[in-house]
Amino acid sequence: MRIELVKRPQSSPLFSALSPFLALLLTLFAGAVMFLFLGKNPLEALYFFFIDPLLETWSLHELMVKAAPLILIGVGLSVCYLSNNWNIGAEGQFIVGAIAGSILPVMFPGFQTWIVLPLMLLMGVLGGAAYAAIPAFLKARFNTNEILVSLMLVYVAELFLDWLVRGPWRNPEGYNFPETRNFHDFAVLPEIWPDAGRAHWGIIFAIAAALVLWFVLSRTLKGIEVKVVGQSPRAGRFGGFSRARMVIFAFLVSGALAGLAGISEVSGAIGQLRPAISPGYGFTAIIVAFLGRLNPLGIIAAGFVLALSYLGGEAAQISIGVTDKTARAFQGMLLFFVLACDCLIHYRIRLTRTVAARSTEAPAGHA
Amino acid sequence: MDATLGNRAKALLDVRGLTKVFGALKACDSVDLTIGKGEIHALLGENGAGKSTFVKMLFGALEPTGGTIYWKDQPVAISSPGEARGLGIGMVFQHFSLFDALTAAENIMLALNDPAPLATIAARAEELSHTYGLPLDPHAHVGDLSVGERQRIEITRCLLQDPELIILDEPTSVLTPQEADKLFETLEKLRSEGRSILYISHRLEEVKQLCDGATVLRQGRVVAHCDPRKETTSSLARMMVGDEVPHVDREKPAAAREALLAVRGLSREASHPFAVPLSDINLEVHAGEILGIAGVAGNGQGEFFEAVSGEVLQERANIIQICGKDAGRKDISGRRLMSAAFVPEERLGHAAAPQMTLSQNLLLSRYRTDALAFLARLGVVRGRAVGEATKRVVSTMDVRKSTPDPEATALSGGNLQKFVIGRELDRAPQVMVVNQPTWGVDAGAAVRIRQALVDLAKNGSAVLVISQDLDELFEICDSIAVMHGGRISAPIPVGEATYEEIGLLMGGSEPGQNPRPPVEVV
């Protein structure tokens, strides 16, 4: 007895479209089972996890705060993944973007004019892009494995941030807490509707970035280049596209967007640098990118779904007393089910008995 | 025992009413076919006639919609290639199912289901391949091998399973006459051992020489069972395509004019251990001329194509000249802008990206030369203009497809080949370089492609055709040069060349090779 995955001659377009929704349903079901084992009422738990956060204006604002970095990073990653560049280090690019963008308000707190914020955003973008350029350059020049390099650079970035906020950038008036000084008013990304909640301009950047990249990927030659080089490198070379240039391009775009996400988060949602500024946005965005089927419009929707899982985790912690790690469990299950659905759309499972077993059966029939 | 049963008792394989329906399309419509023990049976038909569907059902790769397969008088349901192999059916695919990253022996081991250690399998494979005259190096990586060498792995892998029925899909399309002769000897040896062979080919002369019986398919139906030895090639061709096969129509060229493509002292070191280094290649292709380059697979054709097309640059600009201007330091787009066009050997994955639509694939090789027509500001694609050009190519080359703008992978080999050639012809290039223009393409499409190349030359372009198909080169070229071991011989005008001479050059002029007699043109 052996289990085989057999490629389907053609995959169903209907199920390809349905796959993210199926994955969501399956995740909810598996989540209910998980809550059951935790000794909670599964329906009540799911309600607090996924419905309750949508019922209050302030928490809808929180949803946008959390969705903004996920979408920004996710659309950047889609360019990488479509072009077959496996950037796993968006978390690091997010952090370096946040650090680079914070140079002005932290080191020059006296410099306070309207130009500070645009400069911060620009420096965040450049910081993220520069950090992504490291694995890109190494891959393009020396053919290193970008998965390993980009992933390991995440830890470098995290430790560097940790050192900064405990050491040179620690707030001199902060009672030795490992934090930088609070950003001054000119360094804070404004809220969109200050009276209603905390949603800041990050979500607008995110949606704008998604729309622009959607247009680029679906309507321009660059989009064709990204996909050809990703799917079929030899055909790309035949078309005159350079693989090395595409590696650099994809990493710079995704690094820049991750950096923008980082500085937007620090400047819009946190207001200072701390040892931990991200609950794993850079990694969760990988799920966002795949749940959105690497399509920037899909990624907007997927970003909100994953943002909800963060909010739900916090809410469920308070209301039903489960750990906020359940949010990570949900995210993991979601990625698992997305990939599993895609796998079963492209392949079918077949149980085969070995040929030997079959041939011993045949004479038995005659006897 | 009645007569039919007695008749069937001799049959190794008897297929009754085999049908396969894809949606609205009947790819196979109640096909009957009988193969006796020790018979070489031909399956003939144009691309899209249902040959591949039919053999995929025999080999368990597709599930039939209806009909019965009798194997040694027992009805069998073959639900996987593993089961087919278990019964004693082996298959050599036209598009090889080999892993590039593994060695020949590892690929063989994967398919064998045999717990023997790799070294044993490698030794057995090497021995068997030599016995049957298909020598292979079991430790070579498949990715580094030519198409012809990959085929040897497939055939050896198939023979190692000791099959009673061997299905061969277009086996000679990648071979030289000498290699094909060797293969025929192999096949006859197999026949004398009592094995049966289902032989798919569009080379009718071969089928006449080799096969004991033939089944002709057209649009999924059997149009004839016949004895090919009693037919002429044109009567066989008529059965396949339904009416008279058009013949390539070629006029004598005018006296040679200016050289539009010149290669001067091209050398290239091997880029990886198994690549063929090129040494001191010189040639000129003049306006209105078709120059053919014959040669066995794996003698540097791929490396030569990459160098001429600009996928790999030369160290000096004057090594390649296009329309009299130095092009050696220009990339492929730069050379296209000098009015050169290129069609590589692999259709899927090189000439076209499999998962992209035809119109996107059109853009792939023409976004620079036709930038004004196809691109608006900021690189925005003008969908309508690209779509119209695609339609033009499709109708000029008679590309058959099921949806308006399908993905490249949805087209059959012949239709995709017509498309990638038509895509370049649509630009009316001054210089056209084609590698294996009709490999694995059915007779009708091949004639169309050859005619298009001849017409292009007639209109004053220079055409360089790299091909392993000598019949093709003799049919369309003005002169033929031979590539062997990374060198190219001086071209011989086609009027003075013989199959024997070219065949010997292809074998590196080594004595002892037995060239195929010239094929009569009907």
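Asp32(B) is partly exposed, at a relative accessible area of 28%. Partly exposed covers the range between buried (under 20% relative accessible area) and exposed (over 50%), computed with a 1.4 Å probe and protein chains only. The model is predicted: local features need pLDDT of at least 70 and side-chain atom pairs count only at pLDDT 80 or more, whereas totals for chains, interfaces and linings use all residues. Residues are numbered from 1 along each chain as its sequence is written, chains are lettered from A and ligands numbered from 1 in the order in which they are written, and side-chain values use heavy atoms, without hydrogens and water.

## Salt bridges

A salt bridge here is a side-chain nitrogen of Lys or Arg within 4 Å of a carboxyl oxygen of Asp or Glu. Over all chains there are 32 of them by this rule. In one, Asp32(B) pairs with Arg16(B), with N to O at 3.8 Å. This pair links distant parts of the chain, 16 residues apart: Arg16(B) belongs to strand E1 (residues 11-22) of chain B and Asp32(B) to strand E2 (residues 25-36) of chain B. Helices (H or I, at least four residues) and strands (E, at least two) are DSSP runs, numbered from the N terminus.

A salt bridge also joins Asp426(B) and Arg366(B), with N to O at 2.8 Å. Asp426(B) sits in the loop between helix H15 (413-425) and strand E17 (431-435) of chain B, and Arg366(B) in helix H12 (residues 358-366) of chain B, so the bridge ties together parts that are 60 residues apart in sequence. In chain A, Glu146(A) and Lys139(A) form a salt bridge with N to O at 3.3 Å. The accessibility of partners in these pairs is listed below.

| Residue | Relative accessible area | Class |
|---|---|---|
| Arg16(B) | 35% | partly exposed |
| Asp426(B) | 24% | partly exposed |
| Arg366(B) | 1% | buried |
| Glu146(A) | 6% | buried |
| Lys139(A) | 9% | buried |

A network of salt bridges connects Glu188(B), Arg191(B), Asp212(B), Asp227(B), Arg229(B) and Lys230(B). Side chains of opposite charge can pair when their charged atoms come close.

## Arg150(B)

Arg150(B) lies in helix H6 (residues 147-160) of chain B and is buried, with a relative accessible area of 18%. Its side chain comes to 3.4 Å from the backbone oxygen of Val142(B). Contact means heavy atoms within 4.5 Å. Beyond its neighbours within four places in sequence, Arg150(B) contacts Phe96(B), Leu98(B), Asp100(B), Val142(B), Gly143(B) and Leu145(B).

## Covered helices

In chain B, helix H10 (residues 301-309) is largely enclosed by the rest of the structure because eight of its nine residues are buried. Among these are Phe304(B), Phe305(B) and Val308(B), along with Glu303(B) and Glu306(B). Gly310(B), which follows H10(B), has a positive phi near 90°.

Helix H11 (residues 281-291) of chain A is mostly covered, with nine of its 11 residues buried. Its buried residues include Tyr281(A), Ile286(A), Ile287(A) and Leu291(A). Helix H1 (13-37), helix H4 (90-107) and helix H12 (296-319) of chain A are among the elements that cover them. Just after H11(A), Arg293(A) has a positive phi of about 55°.

## Nonpolar cores and surface

A nonpolar core is a set of buried Ala, Val, Leu, Ile, Met, Phe, Trp, Tyr and Cys residues joined through side-chain atoms within 4.5 Å. The largest has 156 residues, and those touching the most other members include Ile71(A), Ile73(A), Ile421(B) and Met432(B). Helix H3 (residues 57-82) of chain A gives the largest share of this core, 15 residues. A second, separate core of 45 residues includes Val92(B), Leu112(B), Leu136(B) and Phe184(B). Leaving out residues up to four places away in sequence, Ile421(B) touches Val343(B), Met397(B), Met432(B), Val434(B), Pro437(B) and Ile449(B).

Strand E1 (2-7) and strand E2 (347-352) of chain A each give two or more residues to the patch, and E2(A) gives the largest share, three residues.

## Chain A overall

Chain A has 14 helices and two strands, and its C-alpha trace spans about 95 × 60 × 35 Å along the principal axes. Of its 367 residues, 50% count as buried. The accessible surface of chain A is about 17,000 Å², and 69% of it belongs to carbon and sulfur atoms. Accessible areas come from the Shrake-Rupley method with a 1.4 Å probe; for residues, only the protein chains shown count as cover.

Terms used: Polar contact = N/O pair within 3.5 Å; in protein donor to acceptor, adjacent residues only side chain to side chain.
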